[in-house]
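This report looks at how one protein chain is built and how two of its elements meet.

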Amino acid sequence: MITLMLITTFFVTSADSATFVLGMQTSNGSLNPPNIVKVVWGFFLSASAIVLMLSGGLDAMQTDANSDYSQCVPSDFRPNCDVILNP
């Protein structure tokens, strides 16, 4: 029971921190972002987590990580991306 409480506390505080940081970044660096901005980011974060869980959870993400297209990420400038995108 204590383990479950600690894990829940970790996820809640992590989500709170993530919404706060995203709120600061999207409100021009304001140190106190508006609550509506934090609520919107919280909604998007929780919706994306729900979609990932419903689509198969960790197994689906690991399967996608092994595909060829996941190696070609826009922020990752690998030379093999040209081979995948232009066969």
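The structure is a predicted model, and its protein chain contains 4 helices and 0 strands, which follow one another along the sequence in the pattern α-α-α-α. Of the 87 residues in the protein chain, 8% are buried. The protein chain exposes about 7200 Å², and 69% of that area is supplied by carbon and sulfur atoms. Among the contacts in the protein chain with a separation of 6 or more, 7% come from residues 24 or more positions apart.

The pairing of helix α1, which covers residues 2–26, with helix α2, which covers residues 35–54, has an angle of about 125° between the two, and their axes lie 8 Å apart. The crossing in which α1 passes α2 is right-handed.

| Helix | Residues in the contact |
|---|---|
| α1 | A18, T19, F20, L22, G23 and T26 |
| α2 | V37, K38, W41, G42 and L45 |

Sorted by class, the contact of α1 with α2 has 6 nonpolar, 4 polar and 1 charged residues. Glycine counts as polar in this scheme, and the contact includes G23 in α1 and G42 in α2, while K38 in α2 is also one of the residues that meet α1.

How values were computed. Residues numbered from 1 in each chain as written. Predicted model: local features only at pLDDT ≥ 70, side-chain atom pairs only at ≥ 80, totals over all residues. Heavy atoms only, no water. Buried < 20%, exposed > 50% of the residue type's maximum accessible area, 1.4 Å probe, protein only. Contact = heavy atoms within 4.5 Å. Areas by Shrake-Rupley, 256 points an atom, 1.4 Å probe, with all protein chains shown as cover. Axes fitted to C-alpha atoms, helices over the stretch in contact; angles between N-to-C directions. Left-handed = near helix turned anticlockwise from the far one by under 90°.
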